Amino acid sequence: IIELITTTKPTLILRSIVFFTIAKLAACVIIIVAGFVSLAKGNTENIAQGFEGTNNDPREWSDAFNAIIFSYAGWDQVCTVASEMKNPQRDVPIVVGSSIAIVTLIYILTVTSFHIVVPLDVMVQDTAVASEFGLRTMGDAGKIILAVGVVFSTLGNVQCTFLSASRMVHAGAAEGLLPSCIGLVSKRFKTPVVSIIYVASVAS
């Protein structure tokens with residue numbers, strides 16, 4: 001479905017990415033507000049634990065670094081569609097710089113809110129931290145709302161990754177690193193249809 005939309009309706013895929021991004025940001029704002037409201041009510045026992053129990057062995061930090069890098073990634077994908085921008089020389093530095101700052105701020109506040117509400121031992125054992133946070137702050141409704149927010153975030157990530165991956169393959173073909181046929185562009189839809197099909201076939 002994503003392949004078909006990306007090939008024939010590039011504007012629609014971009015609009016859906018914007019929708020999912022707004023939904024993800026809304027979920028993050030809900031988490032931030034709920035977390036700091038809980039802190040304002042005097043619930044400091046969880047955040048007071050700080051870095052208690054932190055593993056100080058550098059050899060075991062790689063998994064944490066991988067998780068951190070993945071969490072803050074995404075802004076880099078804008079560079080893969082720079083050739084389709086009207087003014088990439090102006091827009092790419094602005095988008096990359098602002099997105100890094102915005103994502104860093106929102107994610108730090110979101111993680112802080114998690115630590116305010118969810119005990120550290122529960123957070124370590126529970127993979128659905130957002131749902132647990134929603135349950136503790138807003139009941140069953142909050143659990144469902146944040147679970148939906150996670151789903152929207154995942155769908156947005158899949159769409160962005162698919163869009164950027166096909167453009168990277170197209171660029172590789174244009175530079176002679178891949179067979180030139182992969183770089184063909186549809187005259188009707190103005191999209192790199194062959195690279196999109198190639199990425200979809202490899203991903204599946």
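**Reasoning through an all-helix model**

User: How much of the protein chain counts as buried?

Analyst: Of its 204 residues, 32% count as buried. Keep in mind that this is a predicted model.

User: What makes up the secondary structure of the protein chain, helices or strands?

Analyst: Helices: the protein chain has seven of them and zero strands. Walk along the sequence and you get α-α-α-α-α-α-α. The C-alpha trace spans about 60 × 40 × 35 Å along its principal axes.

User: Why is C28 called buried?

Analyst: The cut-off for buried is under 20% relative accessible area. C28 comes in at 8%, so it counts as buried.

User: What makes the largest nonpolar core a core, and which residues are in it?

Analyst: Its members have to be buried, of nonpolar types, and joined through side-chain atoms within 4.5 Å. Twelve residues make up this one: A27, I31, A34, F114, I116, V117, V118, M123, V129, A130, F133 and L146. Helices α2 (10–40), α4 (88–117) and α6 (129–174) each supply at least two of the core residues. The biggest giver is α6, with four.

User: Why is V169 called buried?

Analyst: Set its relative accessible area of 13% against the cut-off of under 20%, and V169 is buried. V169 sits in helix α6.

User: Which residues does V169 touch, and where is Y198 relative to V169?

Analyst: Not counting residues up to four places away in sequence, V169 touches L178, I182, S195, Y198 and V199. V169 and Y198 are 29 residues apart in sequence, and their C-alpha atoms are 8.4 Å apart in space.

User: What makes I30 partly exposed?

Analyst: I30 has 31% relative accessibility, which lies between the cut-offs of under 20% and over 50%, so I30 counts as partly exposed. I30 lies in helix α2. With residues up to four places away in sequence set aside, I30 touches M138, I145 and L146. I30 and A101 are 71 residues apart in sequence and 19 Å apart in space, C-alpha to C-alpha.

User: What share of the contacts with a separation of 6 or more links residues 24 or more positions apart?

Analyst: That share is 63% in the protein chain.

User: What does the protein chain show on its surface, and how many charged side chains does it have?

Analyst: The protein chain exposes about 12900 Å², and carbon and sulfur atoms supply 67% of that area. As for charge, the chain has 13 positive and 14 negative side chains, with the centres of the two sets 19 Å apart.

How values were computed:
Residues are numbered from 1 along each chain as its sequence is written. This is a predicted model: local features need pLDDT of at least 70, side-chain atom pairs count only at pLDDT 80 or more; totals for chains, interfaces and linings use all residues. Side-chain values use heavy atoms; hydrogens and water are left out. Buried means under 20% relative accessible area, exposed over 50%, partly exposed in between (1.4 Å probe, protein chains only). Contact means heavy atoms within 4.5 Å. Accessible areas come from the Shrake-Rupley method with a 1.4 Å probe; for residues, only the protein chains shown count as cover. Lys and Arg count as positive and Asp and Glu as negative; His and the chain ends are not counted. The place of a charge is taken as NZ of Lys, CZ of Arg, CG of Asp or CD of Glu.
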